[in-house]
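Open the model in your viewer and keep the selection tool ready. This tour goes stop by stop.

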Amino acid sequence: MPKKAAKSKPAAPVLRPMKGVVTITRQVHFNSAHRLWNPTKSQAWNEKQFGLCTNPHWHGHNYVLEVSLRGQPDPDTGCIMDLGDLKDLLNTHVVDKCDHRNLNDQVDFLRGIIPSTENLVIAFWNELQPHIPAGRLYCVKLYETPRNFAEYHGPDVS
Ligand SMILES: Nc1nc2c(c(=O)[nH]1)N=C([C@H](O)[C@H](O)COP(=O)(O)OP(=O)(O)OP(=O)(O)O)CN2
């Protein structure tokens, strides 16, 4: 009578965690009205400084926001952060508050700020940073138009 073959245990799965610093980015969109207007200055000063961009009847932009995180992929997930979670954070803390709003008047965290592209990237960083694991937020980049954009890498610590 033939002998039964000895049952071999399946080999335990082996993972090879990858080492390396990677940047991941989520892009979101929103549409807002604004004007470049310094309320501490005269109308004439604002017109000289900002031209058409200070029109008191506002103008709009199809903003494109790109937020990047940087770090080593987690060995258990292969991810720095789930990009779906990053999408939810951007929607909750920026898009839902700014989309179809007037950035000069209707967004609490932008009160008292001239909504230039430069100021917006700093304000968005400050809104997002507390919700992202320490040291991961790398870049907040905002396109006001396809040709005009600003990016911010956090407060200068030098
Ligand atoms: N340093 C900055 N300069 C300007 C800003 C800004 O945020 N930071 N913003 C504006 C205006 O908001 C304006 O709407 C930009 O429009 P425009 O210059 O017309 O932009 P385009 O890319 O459409 O212009 P093209 O000349 O057609 O390329 C102005 N300046």
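Start with the whole chain. Of the 158 residues of the protein, 17% count as buried. Buried means 20 or more other C-beta atoms within 10 Å of a residue's own; exposed means 12 or fewer, and partly exposed is in between, with C-beta atoms placed from the backbone. The model is predicted: local features need pLDDT of at least 70, side-chain atom pairs count only at pLDDT 80 or more, and totals for chains, interfaces and linings use all residues. Residue numbers start from 1 along each chain as its sequence is written.

Now colour by secondary structure. There are 3 helices and 5 strands, in the order β-α-β-α-β-α-β-β from the N terminus. The radius of gyration is 24 Å, well over the 15 Å that the globule rule gives for 158 residues, so the protein is more spread out than a compact globule. That radius is taken over C-alpha atoms, and the rule is 2.2 Å times the number of residues to the power 0.38. The C-alpha trace spans about 105 × 35 × 30 Å along its principal axes. Helices (H or I, at least four residues) and strands (E, at least two) are DSSP runs, numbered from the N terminus.

Select 117-128. This is helix α3, with 12 residues. Which of the residues of α3 are buried? They are Thr117, Leu120, Val121, Ala123, Phe124 and Leu128. Show β2 (59-71), α2 (83-98), β4 (137-145) and β5 (148-152) next: they are among what covers the buried residues of α3.

Go to the ligand. Select Leu36, Cys53, His59, Ser116, Thr117, Glu118, Glu144, Thr145, Arg147 and Asn148, the residues around the ligand.

Move to α1 (43-50). Of its 8 residues, the number buried is 0, so α1 lies largely in the open. Glycine 51 follows α1, with a positive phi near 55°.

Last, check two loops. Tryptophan 58 sits between α1 and β2. Its phi is near 70°, positive in a residue other than glycine. Tryptophan 58 has 15 C-beta neighbours inside 10 Å, so it counts as partly exposed. Histidine 100 lies in the loop between α2 and β3 (101-102). Histidine 100 also has a positive phi, about 55°, although it is not a glycine. With 10 other C-beta atoms within 10 Å, histidine 100 is exposed.

Notes: Expected span 1.5 Å × (residues − 1). Contact = placed C-beta atoms within 7 Å. Near = placed C-beta within 6 Å.
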